[in-house]
Amino acid sequence: MGLSQPDQYHLADAGAGLAELEGDKLILAIELRETGACIGEVILVWLSETHKSAEIGFLLHPDYHGKGYAREATLPLLQFGFEAMDFHRIIGRCDGRNAPSARLMEKLGMRREAHLVENEFVKGEWTDELVFAMLQTEWRRRK
């Protein structure tokens, strides 16, 4: 896809501090390899040490939607979360109206677990929220 991604060694180095405390975040920029322009970011948040859980997220400039960049950038974070951090479960959430984000999480191999009706107040209106998840065992099976 033409993204500049760290290899696994550098990603593991970048996340070394993530292993220290529940609530820590690993945020990586998505850059175009050709120009170095930052077109978005991906994030992995350590939710619970007890439950070995995390949340993944992605944000991409609208000009780059639908080109596979978010998927390409998110897969290494899932790999890092399950393989280096040994998380049991990683979730992802999106606005219920955001069909492209929902499709992306499904393409990543995450399954839809919940549709929370009018769960959030966004820009002056109540919106639904979709919750997706993947277990470490599911990650291993997909390889």
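**Figure 1. Salt bridges in the predicted model.** In this predicted model, the count of salt bridges comes to 8. One of them joins Glu-113 to Arg-89, with the closest N and O atoms 2.3 Å apart. Glu-113 lies in strand E6, which spans residues 111-122, while Arg-89 lies in strand E5, so this pair ties together parts of the chain that are 24 residues apart in sequence. Glu-113 counts as partly exposed, at 36% relative accessibility, and Arg-89 is likewise partly exposed, at 25%. Both residues also belong to a network of salt bridges that links Arg-89, Arg-111, Glu-113 and Glu-138.

**Figure 2. The salt bridge between Glu-129 and Arg-93.** Glu-129 forms a salt bridge with Arg-93, and the closest N and O atoms of the two side chains are 3.0 Å apart. The pair links distant parts of the chain, since Glu-129 belongs to strand E7 and Arg-93 to strand E5, and the two residues are 36 positions apart.

Figure 3. Arg-97 and Asp-95 form a salt bridge in which the closest N and O atoms are 2.7 Å apart. Asp-95 has a relative accessible area of 19% and is buried, the limit for that class being under 20%. Thr-127, a residue of strand E7, is buried as well, with a relative accessible area of 3%.

**Figure 4. Leu-130 and its contacts.** Leu-130 is found in strand E7 and counts as buried, at 4% relative accessibility. Not counting residues up to four places away in sequence, Leu-130 touches Gly-92, Arg-93, Cys-94 and Gly-96, together with Ala-102, Arg-112, Ala-114 and His-115. The C-alpha atoms of Leu-130 and Asp-95 are separated by 6.2 Å, although these two residues are 35 positions apart along the chain.

**Figure 5. Helix H3 and what covers its buried face.** Helix H3 comprises residues 99-107, and its buried residues are Ser-101, Ala-102, Leu-104 and Met-105. Seen down the axis of H3, these buried residues fall within an arc of 160°, so they line one face of the helix. An α-helix has 3.6 residues a turn, so residues three or four places apart point the same way. The cover over the buried residues of H3 includes strand E4 (53-60), helix H2 (69-84), strand E5 (89-95) and strand E7 (125-135). Just after H3, Gly-109 takes a positive phi of about 100°.

**Figure 6. An aromatic pair formed by Phe-121 and Trp-126.** A search of the whole structure finds 4 aromatic pairs, and the one shown here, between Phe-121 and Trp-126, is edge-to-face, with 5.0 Å from centre to centre and 65° between the planes. Phe-121 counts as exposed, at 52% relative accessibility.

**Figure 7. Two cysteines, Cys-38 and Cys-94.** The structure holds 0 disulfides. Cys-38 is exposed, with a relative accessible area of 54%, whereas Cys-94 counts as buried, at 8% relative accessibility. Cys-94 is also among the residues that Leu-130 touches.

**Figure 8. The chain that these views are taken from.** The protein chain has 4 helices and 7 strands, and, read along the sequence, their order follows the pattern β-α-β-β-β-α-β-α-β-β-α. Of the 143 residues of the chain, 41% count as buried. Among the contacts in the chain with a separation of 6 or more, 56% are accounted for by residues 24 or more positions apart. The accessible surface of the protein chain comes to about 8,300 Å², of which 51% belongs to carbon and sulfur atoms.

Terms used: Residues are numbered from 1 along each chain as its sequence is written. This is a predicted model: local features need pLDDT of at least 70, side-chain atom pairs count only at pLDDT 80 or more; totals for chains, interfaces and linings use all residues. Side-chain values use heavy atoms; hydrogens and water are left out. Buried means under 20% relative accessible area, exposed over 50%, partly exposed in between (1.4 Å probe, protein chains only). The arc is that of the directions from the helix axis to the C-beta atoms. Contact means heavy atoms within 4.5 Å. A disulfide is a pair of cysteine sulfur atoms within 2.5 Å. Rings of Phe, Tyr and Trp (its six-membered ring) pair if their centres lie within 6.5 Å; planes under 30 degrees apart count as stacked, over 60 as edge-to-face and the rest as tilted. Accessible areas come from the Shrake-Rupley method with a 1.4 Å probe; for residues, only the protein chains shown count as cover. A salt bridge is a side-chain nitrogen of Lys or Arg within 4 Å of a carboxyl oxygen of Asp or Glu.
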